[in-house]
Each structure stands twice: as structure tokens, then as C-alpha cells.
Amino acid sequence: MSERQKPKGKKTVANITDQEHDWANQALAEYEQKNYKSCLEYLQRIENVRPGDPKVLLNKAIVEFYKNGLCTADKFQKSFIDVCKRVELNLELLDSLEDVENCIYYYNYAVFLYHLKHYTKALAMINKVFEFIESLEESLAHKVCLLIVQLHIDTKKHAEALKLINYIESQFVSTGYTTNILTGNVDRAGHLANEKKKKENKANLDAATDAFRVSLIQYRVRSLMELNLFDECSHQLNTIREKQDSITMFLTGKLEYLRGNHKEALSTLKEIPMKDDFKGTGECSSVLINNNVACLYHYANKPTLAFTSIYKAIVQHQKNITDVTKPNQAEGILSGQPLHIIGASIKTELMFNLGISLLHARKPEEAFDCLIEAVQIYYMNPRLWLRLAECCIMTHKKSNDRDFDVKKPFIEGVVGSGKHRKIILKSQLFADTKYSREAVSASIPMPSLEFGSLCVRNAVLLLQGNTIDCSPSHKPINIPDRNYLFDCIQSAGAYIALCLGDPVVALKYSRKLLKSEKINKVHKFLGHLYAAEALVLLDKPNEAIDMLKESNALDDIEPEIQEQLIIEGWKPDKQKSAKAVLYYNLAVVLTLRGDLDKAGELLKQIWLSKIVDVSVPVHVVILALYIHLRLGQKEIAITLIKQNCPQAK
């Protein structure tokens, strides 16, 4: 019952009567048949004869836990700790484990902690049990091996997990002698058992060893994937290709996904059978498949389809949780759900994926609500904080198409008639470009620029650490990814600071961005623009001009970045358009410095580029009007108004 061990007391086996032995066997049989009520009756008989026996009390606690549908975790934990005290075991002090007979207590409690997702504590406990691995009974030894590997993977120790798998295979799978030891085919003196006994155990040996071997290979593939060793993954999967169970198929699909073979990955996912046993296993294949399909749609630049698929997964997952949840018991906060369901909830991971899909579907407010729920668990992920900042930025400005709409009306109104007719130009092109005067706290989780600035600061601090937690994403952040992530964070920080009217902070972010190693052309271009704007706000026009002159205006932009800009629909998306933006910013600074003639020449170049279908900022017209009026060129100004303001005709 406690890992298939028969109830035994402190007495030696010789002191157990035949009657007690029969009751123990009958109790075990009832337990395996899931007749927990009958099993408890036999255990009660044994307890009446052997009161206070810790093994009997342990088995009773486990059977009662199963009888209650594993929904009384608090009560079981209390009973388990009481039993450990009877055998003078302190689960908090791992050094107190000195007898192999007590390994069962530590293993069971490590399983308990694993289901509660206390992985670090569970790993420390199972590491202690693993020291006695060669002395453990076969089924328990296998379970200890699988649990310790699982915990190494859950704690991101993939290289150590691989070493552990190699050791386990060499000791318990590869050699016939050690396999015979595990299955009881060797007596205590080390001599082989008789041939008759070997034949009797052969069928069980083959099935148990093969299942154990397949599980180890699957764990090896998971670890290799995290280390980006895809060729070795493929080789390992080929060794168990004939099994084709759902785990192997999921691993095959993920491998194709990581390699960028999205069509092959989708084809593999469609072949996985929909066998949902959430109540029994804590896993639902339809939820996993819909989630994975959503990831494939996301990388195929189909955010709406990704959103639809991940939403189906969330609805199904919530239904599964509701179906197995009972009213909260009086025993404690862990009661109400089966133990394996408590740690099986993947709602946070699903909400993370949903938030990313919504963000790419240009629904930042909805994406923010999803991601803010995910950040409560994965608050150590700098990439997640950046996504929240991007939600705040997109809520502030979803698109900049209007900045390049040359048909934008510039006239506020017209008064008078005839020669007394006057045209009133707008004092501001867009009504929402002023700094907000509302006192908004940065600590309030809402898609505001103030909270976005806090998100950026959190991302910066986390990225400066030695280790980066990329959960719930399993893809590790390597050096190139880290550099790119750094550039994204700095550029987002500079933009938000400028929008909030804080040029000092904006300049700080921009300069750090420009000092970044292997910065791409887009980030370098933005860094110069943001730094120049900050310098203008700080009344340093000469430095701003020097900063703009250093920009390359997206010369020889990388093809993949060019494609991304076009897909995102953000301008400037071409080199000539970027040069127009750069010249406009330079013209603004020259105007502020009083060099109106130079500024006018730059605007002429921008206007000529418009003829060859180049997107230019709409602000060019207003700036040109200002310069011509300042230079006394009234007729040119009137012509500009007639050409660009139909209502003035």
C-alpha cells in the first residue's frame, strides 16, 4: 500500500503470526482492487493486534486518503507526520535517514511535495533516498529513479538529469546481473536463483524493465530538448518509435516544433488519440493538444487562430478542474481537490499563452489581464515583464498609421469671407499627444504607461542577475537572446519615458541601448531617435543634431527584420521612409536652433521622396508651413495649404 509494501510492525518477520500475514495479504489485494473500505477493515484487525505499529498506521493513512478520493491532503499530511514521529523521523532533518527501512517514509513525502510543486524541497529529500537505491525493492527503486529525474528536470537541472539517467541505465537496465538483483533473482549471498524461478519472473521482468527503459529515454529526450541537442533527441526517439504512446508522440511533435517544422509538428499532434482521464492522471490530452496547436498558429503569424485554440484549452481545463473539485473540507486549505490535481493545474501557463496571442492580435487590454495573472507566479521572468510593458505601450498607441496619413486635416476652422477670410490651423495635430496630468500610481496593475515603466524596471533588474528564469517558457535564454531581450527592454523604457515627459530617464535608456553589443539596425535607429528627442527636451539641440547624424537610417536592414516590420504594420518599414523620419527630426532640431534655411532644404528632400511612394510623417507639412511663414514666404505657405487641405479651397 505504501508503495505496495505489506503492513509490518516493529517486530521482525518471525514475530508476525500466520493470521496477521493473511490479513496483510488480503488488505493488499483489496487495495489493488481499489476496495478501500474492505482494505481498512483488514488493517483495523491488524492494528487491534499490533497497536501503534507505524507501518500499519502509515498504510491506514494512505488507504483513508485514497478512500476520500485524495481530497483530504491536510489530514493525510498530519497523519503522515504523526507516524514519522513514532519512528523518530524528522522529515525536515534529512540526516536522520540512516535505515533503509525508513526510505519509504521519505519517498512518500517527496511524492506529496512533488504534487504540491515544492520541487526543490522534494529533490533534497529524494536525493537522500537515492543514496540507498541499491538496497531498495524493485518497484520502489524504479519509482525513486523516475521521481529524482523528474525533479531534476522541474528544477531546470537538465545536464545533471542526463548524467543521472546514464547512471541509472548502467546500473538498473543495461546489465543482466543488476536487473536480476532488482527483480529478486539473486539471493543475499549473490548467487543466481534457480532456473524455475527465473522463468516465472521473466514475463514480469521484461515488461517492467522495458517500461522503465522507455520512461528513462523519454526523460532523456526532454532534457536534451532543453539543451537544444535536437539531433540526439531524434536519435533517442527513434529507439522507442515502435512504442508510439502519447508521451512519445508529444515529444516528437515538440521536437519538430523546436526545429521550425511546424507542419510536421501539427501533423503529429493530430495523430495523438484523445484519451482524457483528468481525474485519474491530472492530464487532459485535448487541453495539451489545443495548447500546442495554438503555439503553432502563433509562429505561423495567425494570432486569431492561436487565440481560438488556446481559449478552447482554457475552457476545457477549467471544466476539468470544476468537475473534480469538492466543497472545501474542514481539514485545511489543501482539501477539496485530489492531491495530483492540486499541482496539475496549468491555468497560469495557459493564461500566459493566451495573453501572448491577444497581444499579437492587437488586443492589449485583454492581453494585459491575462499576463498580469501569469506574472503573479512567474514574476522572475524578465521577458514576461517586457510583454506587460508592451501591453501598456500598445494601449497608449495601437498604431502609428495616422502619423503618416498625409490626408490628415490640418485646419481647425475658417472664419470670414472674401479677402477677410482667415484659416485657423490646428495648434496640435493629435489631441492625445500631451503628457497626462492625472496622478496615476505606477504600482496599480493597469495598462498605463506609469505601470509600464515599473515593468521595464523589473525586467532590467531581472536581466542583470546571473540566472534568468524563463518560465513558463521552456526555451532557455542564450547569449544572443539575452542581448536582443536587453535591447527590447531598453528601447521600450526609452519610449515610455518620453511619453511620460521624463527625458533624463529616456536618455539613460537610449544610451545603454546604443552601447549594446551586436545591436540590430532597428534598435540602433530607435536609440538615436529617442536619444535625440530626449536631448531636445533637455535643451541640448547641438548634441541632438550630432546624435541624429550618427544614425544610419536602417541602411542594409536584415531581411528577417524587414519582413517582421511589414507584418507588424509599424512604420517606418522601409529604408527611404526611415530616412524621411530621420530628416524630419533633424529639421525640427535645426528649426529650434534657428537654422530655418537648412531645415527647409531637408523638408524639400523629404517632400520629393513622397513622389516615389515613400511614407513620410504628416508633421512635415505643418513644419514646412511654420518655416515658410517665419521666412516670410507667404505664397508658398498658401500653396501648401491648398495642396494639403481640401477644405481650404
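Modeller: Strand 1 (residues 411-415) and strand 2 (residues 422-425) run antiparallel and are joined by four bridges. The model is a predicted one, in which local features need pLDDT of at least 70 and side-chain atom pairs count only at pLDDT 80 or more, while totals for chains, interfaces and linings use all residues. Residues are numbered from 1 along each chain as its sequence is written, and side-chain values use heavy atoms, with hydrogens and water left out.

Biologist: What makes strand 1 and strand 2 a pair?

Modeller: Two strands pair if DSSP finds at least two bridges between them. Strand 1 and strand 2 have four bridges, and therefore they meet the rule. Ile-411, for example, has Leu-425 in strand 2 as its bridge partner. Six residues lie between the strands of this hairpin, where Gly-416 takes a positive phi near 75°.

Biologist: How many helices and strands are there in the protein chain?

Modeller: The protein chain has 30 helices and two strands. Both are DSSP runs numbered from the N terminus: helices are H or I with at least four residues, strands are E with at least two.

Biologist: What is the mean pLDDT of the protein chain, and which elements have the lowest and the highest mean?

Modeller: The mean for the protein chain is 83, and 85% of its residues reach 70 or more; pLDDT is the predictor's confidence in each residue, from 0 to 100. Contact means heavy atoms within 4.5 Å.

Biologist: Why is Gln-150 called buried?

Modeller: Buried means under 20% relative accessible area, exposed over 50%, and partly exposed in between, with a 1.4 Å probe and protein chains only. Gln-150 has a relative accessible area of 9%, so the residue is buried. Gln-150 is found in helix 7 (residues 138-154). Leaving aside neighbours within four places in sequence, Gln-150 is in contact with Tyr-114, Tyr-219 and Arg-222.

Biologist: Why does Leu-116 count as buried?

Modeller: The relative accessibility of Leu-116 is 15%, and therefore Leu-116 counts as buried. Leu-116 lies in the loop between helix 5 (103-115) and helix 6 (119-130). Not counting residues up to four places away in sequence, Leu-116 touches Leu-334, Leu-339 and Ile-342.

Biologist: Which residues do ring pairs link into a cluster?

Modeller: Phe-65, Phe-76, Phe-80, Tyr-109 and Phe-112 are linked in this way. Rings of Phe, Tyr and Trp (its six-membered ring) pair if their centres lie within 6.5 Å; planes under 30 degrees apart count as stacked, over 60 as edge-to-face and the rest as tilted. The count by this rule comes to 14 aromatic pairs.
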